[in-house]
Amino acid sequence: MIIRRFREQDAPAVSDLIIATIRISNVRDYPVELMEELVKTQTPEHVLQRASWTHFYVVEEAGDIIGCGAIGPYWGREDESSLFTVFVHPAHQGKGIGRMIVETLEQDDFAFRANRIEIPASVTGLPFYQKMGYDYKNGNAEMDEEHLYRLEKRLPPPVIRQVDEPAEKERIAREILESLKEWFEVPETREQYIRGSRDQTFFAAERSGKAVGFLCLKETGKATAELAVMGVRKPCHHRGIGKKLFMAAKAFAAEAGYEFMQVKTVQMGYYEDYDRTNRFYQSVGFRELEVIPSLWGPENPCQIYVLSLKDTPGLTELIKQRRSYRGRYLPDRVPREDLTCILEAGLAAPSGCNRQTTSLIAVDDPEMLARIRAVIDPPVGETAPAMICVLSRRINAYRDRCFATQDYAAAIENMLLAITSLGYQSCWYEGHITDTDRICDRIARILHVPEDLELVCILPVGIAASEPVIPKKKAFHERAWFNRFAGESC
Ligand SMILES: Cc1cc2nc3c(=O)[nH]c(=O)nc-3n(C[C@H](O)[C@H](O)[C@H](O)COP(=O)(O)O)c2cc1C
């Protein structure tokens, strides 16, 4: 018995299998008429159509197809997937084939990129899926209008692990780099990276025990570790995994006593994919050191970046680095840990009489972001993968003194600094959304904000795709003095 990917010529056999299973197994739990209606839709064309946008698998024994199952995006979502069409022929049920199918689907790239897998389960399949760790979606144990239970399994976020065993390093590096042939297309170079990984400091990003990315560090001088190679499976791109790997490597290099980290890539302005890589390195703190056009040939000028591991910018440096960013953002998701860290920075701000009048909502759900964007006209921050909405309760701190504005201003500045320190960009959008057209109220309605809270500001969050514009600021002596006012009165 083998499980393999579906081929076009399997469609009639898969259709027969589905129909037989519905007529023999599902009919015990549903009215015959309903099942016969369903049977009509399960044509070979329907199977082919489903296989065109999912990863469809079949179980084969002695040339017969006895089981099938598919996994694909949940309503086009990149971070949620759904299982479809899981059937085991009645003559072969109870032998662990269903488990084998679901476990295979859960090892598919569509599962690794997802935070959640959903399954529309029949009454017949319900106990099986519950055994496989699926639970009622949102605790709702009611059947939907298609007479199916909506079940889901939430998947843990990727974890970073340092790998010591050379053969394991090589295996993971091979698995990942061979899935990334667009970036590592020359076989000899790819092999060099793979073999080289055996002797390097190696970090793997794993999800449910399967490697989804890796990063190698090598010493290039007593004071410097080079980020020699890193790769993340394509379906898992833009999930913050590269950043997690980098943070682990950076912490290791600093702990090991290195002063600098360097990395090489193709100079900005030549290829779109590499431009994104450049932006990523810049966002995590790398700075341009030198371009060497001769190293990889004139069509691939080599940009060397360097990062000081000793002088991580102090708070005052960070305050000066913060800018209002109004450009495009890279599609990379902002991990929940980072959003939580930003929200915590906001909540840590002082507030008049400690009334804590500011509340915050971080939005990272693409559907919710799309709904919010639809009411921001003209659009701002529309490419940001996350947004923080700032809510204010206008109550008096004491007597008739209300400090709600000061409270949320302090929270916003704290968050902007946290955003900058994590390598993201943002902009304080208040004027734009609180004008006479009251975009803020429309966003508040989408987010179910109660009447006694006012949505006063939005902060898009993401990795910048371009440089922020540096605004002109007045000179120090025009706005700040010692001991007495020494400026010109207006
Ligand atoms: C209360 C407040 C409201 C703001 N509202 C907007 C806004 O609606 N749109 C915008 O593009 N920037 C807005 N900003 C950002 C300012 O324009 C920005 O801080 C200023 O130009 C200085 O640039 P910098 O933040 O890079 O130092 C706002 C800032 C504050 C403090």
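This is a walk through the structure, one selection at a time.

Keep in mind that the model is predicted: local features need pLDDT of at least 70, side-chain atom pairs count only at pLDDT 80 or more, and totals for chains, interfaces and linings use all residues. Residues are numbered from 1 along each chain as its sequence is written.

**Stop 1: the seven-stranded sheet**

Start with the open sheet ordered E1-E2-E3-E4-E5-E7-E6, whose pairing is mixed. Strands (E, at least two residues) and helices (H or I, at least four) are DSSP runs, numbered from the N terminus, and two strands pair if DSSP finds at least two bridges between them. Select 2-5 and 135-136 to see the edge strands, E1 and E6, each of which pairs on one side only. E6 runs antiparallel to E7 (residues 149-154), and two bridges join them. Across that pairing, tyrosine 136 sits opposite leucine 151 of E7.

Touching here means contact: C-beta atoms, placed from the backbone, lie within 7 Å. Angles run from 0 to 180 degrees between N-to-C directions, and axes are lines fitted to C-alpha atoms, for helices over the stretch in contact. Then pick 97-105, helix H4, which lies across E1, E2, E3 and E4 and runs at about 30° to E3.

While you're here, click tryptophan 75, in the loop between E3 and E4. Its phi is positive, about 45°, although it is not a glycine. Most residues other than glycine have a negative phi.

**Stop 2: H7 and H8**

Select 166-178 and 187-196: these helices, H7 and H8, pack at about 150° with their axes 8 Å apart. That angle makes H7 roughly antiparallel to H8, a label for angles over 145 degrees. Show side chains for Glu170, Ala173, Arg174 and Leu177 of H7, which meet Arg190, Tyr193, Ile194 and Arg195 of H8. This contact divides into four nonpolar, four charged and no polar residues. In this scheme Ala, Val, Leu, Ile, Met, Phe, Trp, Tyr, Cys and Pro are nonpolar, Asp, Glu, Lys and Arg are charged, and the others, Gly among them, are polar.

**Stop 3: H12 and H14**

Next, take 336-347 (H12) and 404-421 (H14), which pack at about 145° with axes 7 Å apart. H12 brings Cys341, Ile342, Ala345 and Gly346 to the contact, while H14 supplies residues including Ala411, Met415 and Ile419. By class, that contact has eight nonpolar, two polar and no charged residues.

**Stop 4: the three-stranded sheet**

Move to the open antiparallel sheet ordered E15-E16-E17. Its edges are E15 (358-363) and E17 (454-461), and the twist averages 20° from one strand to the next. E16 (residues 386-392) pairs with E17 over seven bridges, with isoleucine 388 opposite leucine 459 of E17.

Step back to proline 378, in the loop between H13 (366-373) and E16. The peptide bond from aspartate 377 to proline 378 is cis, with omega near -5°. Most peptide bonds are trans.

**Last stop: the ligand**

What surrounds the ligand? Select Arg323, Ser324, Arg326, Cys427, Trp428, Tyr429, Glu430, Gly431, His432 and Pro471.

Methods:
A residue is near a molecule or strand if its C-beta atom, placed from the backbone, lies within 6 Å of it. Two residues are in contact if their C-beta atoms, placed from the backbone, lie within 7 Å. Angles under 35 degrees count as roughly parallel, over 145 as roughly antiparallel, 65 to 115 as roughly perpendicular and the rest as oblique.
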